[in-house]
Amino acid sequence: MKNVTLPIAIELVVDDVGWHNGADGRYLNLPARSGLPRFHHPDDVKALNAIGEALNMKIICSLVLGEWDRKNILRGVPHVTNDEKGWDAAGAMDPEYTRAYFEALEESKYLDYSLHGLNHGYYENDVLNTARQYYPTIRDEKGNPVDFRFLPKEEFARMVDLFMKIYKDWGFKKDIVTFVSPCGCMGTPEDEGNKAYAEVLRDRGFKYWCNSWHAYDPHVCTIEGLISTKGYDIVTWNAYDVDPDYFEPIGEGSAEGVALGTHLTNFIRFNHEKNFEYVPKWVNYFKKQAEVFGFLLARDMEDCSSQAMYVRFAKLTEEKDGFTVDLTELDKQQPLALRDEFYVSIRDPRTPTVLDGGEIALYETKGEFKTYKIKRTKGNKICVKF
């Protein structure tokens, strides 16, 4: 169906939000952090919020909260810090700076949060094993990486609970329902280890797992009820002072792009005073993407993930003077959170109407095509006519 499609709803997912010191410290056995060679400033997240406001999108900030541990609850906990016995984030913290950072996040109405990690890595005997906090690397006798392993379910649960303990101690108020694993996910959603992770998340109220699966082709699936969406990285993780005027849109027909994978460093400048200079450029870049047939801008992670399920599992069939949308396969997936509404984009001057199974209303107009929102009312087949 060349002129009718279920568009991908792009959501902006920004990793590594929360680091105080941004400098890559791996040469000192410290975390890679955000890769920005300066301390982060509250204006960094304020600039990100300005992008979200201009796009009318609640951007997902994937939080790393190890440096926020003002009660040193990570001291003595194995595998989460580079100094298990002597961990002292409280002693290193500037309370005034951290409070200003906290307020900048909480006052930003166009920023939502996801759980990313504690210190973004897995440590063995105080030595960084890998930046993939939940997928430790297995090495041979020469130290070369040969495989990975899953954490025991109890250890993964402890890491999640420690993150949430620091989060609640600071008084963050937004519910976290999205998980973003550092450096992507290993294995596939069918692996028992990943299912165990999803069970832990599901039992704690999570609904979305937004990540790249290194060994899995489909870009959208469910895992223990969580909707999993695959990202599309538009620029390397540690690039700063990035000028998006040099980027091209992802393009019509791209198989990727459900959730755009980015990092806080990408949106800010080395001199934080200049952060807002590039805000219009980023806004323009994402608005141009929404003008490509087959894409639209999501309002939040729920919008993105729900539409992604319809894109993956709904079946469009051309009919005389119209089309049908078959939701039979979608209804088999049983995700924890799925809207009864979805979007369809049409390159046709005629006005569509729903004859059976739903209601349709114009959502937005972009150049040569219009996007409509369809609401399911009954059954699993929706018939649309022009």
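A cavity is a set of grid points where a 1.4 Å probe fits but cannot get out, and its lining residues have an atom within 4 Å of a point. Keep that handy for the exercises below, and bear in mind that this is a predicted model.

**Exercise 1. Find the largest cavity and say what lines it.**

Step 1: Start with the count. The structure holds one cavity of 30 Å³ or more.

Step 2: Get its volume. The largest cavity has about 40 Å³ of space.

**Exercise 2. Describe the largest pocket, and work out which element gives the most to its lining.**

Step 1: Volume again. About 510 Å³ of space lies in the largest pocket.

Step 2: Look at the lining, which has 31 residues; nearest the centre of the pocket are Asp 15, Cys 183, Gly 184, Trp 237 and His 263.

Step 3: Check the elements. Two or more lining residues come from each of β2 (8-17), β13 (231-233) and β14 (259-263).

Step 4: Sort by class. The pocket lining splits into 13 polar, 13 nonpolar and five charged residues.

**Exercise 3. How do α1 and α3 pack: parallel or antiparallel?**

Step 1: Take the geometry. Helix α1 and helix α3 (residues 95-106) pack at about 5°, with axes 8 Å apart.

Step 2: Apply the cut-off. Angles under 35 degrees count as roughly parallel, so α1 is roughly parallel to α3.

Step 3: List the contact. Pro 42, Val 45 and Lys 46 of α1 meet Ala 100, Tyr 101, Ala 104 and Leu 105 of α3.

Step 4: Sort by class. This contact of α1 with α3 has six nonpolar residues, one charged and no polar.

**Exercise 4. Now describe how α1 packs with α6.**

Step 1: Here α1 (residues 42-55) and α6 (residues 279-289) make an angle of about 40°, and their axes are 9 Å apart.

Step 2: The two helices are therefore oblique to each other.

Step 3: The crossing of α1 and α6 is right-handed.

Step 4: On α1 they are Ala 47, Ala 50, Ile 51, Ala 54 and Leu 55, and on α6 they are Val 279, Trp 282, Val 283, Phe 286 and Lys 287.

Step 5: Sort by class. The contact of α1 with α6 comes out as nine nonpolar, one charged and no polar.

Notes. Residues numbered from 1 in each chain as written. Predicted model: local features only at pLDDT ≥ 70, side-chain atom pairs only at ≥ 80, totals over all residues. Heavy atoms only, no water. Axes fitted to C-alpha atoms, helices over the stretch in contact; angles between N-to-C directions. Helix = DSSP H or I, 4+ residues; strand = E, 2+ residues; numbered from the N terminus. Parallel < 35°, antiparallel > 145°, perpendicular 65-115°, else oblique. Left-handed = near helix turned anticlockwise from the far one by under 90°. Contact = heavy atoms within 4.5 Å. Nonpolar A, V, L, I, M, F, W, Y, C, P; charged D, E, K, R; others polar. 1 Å grid on protein atoms, 1.4 Å probe; cavity = no way out; pocket = protein on both sides within 12 Å on 5 of 7 lines; lining within 4 Å. Points joined across faces, edges and corners; volume = space filled by probe spheres on them.
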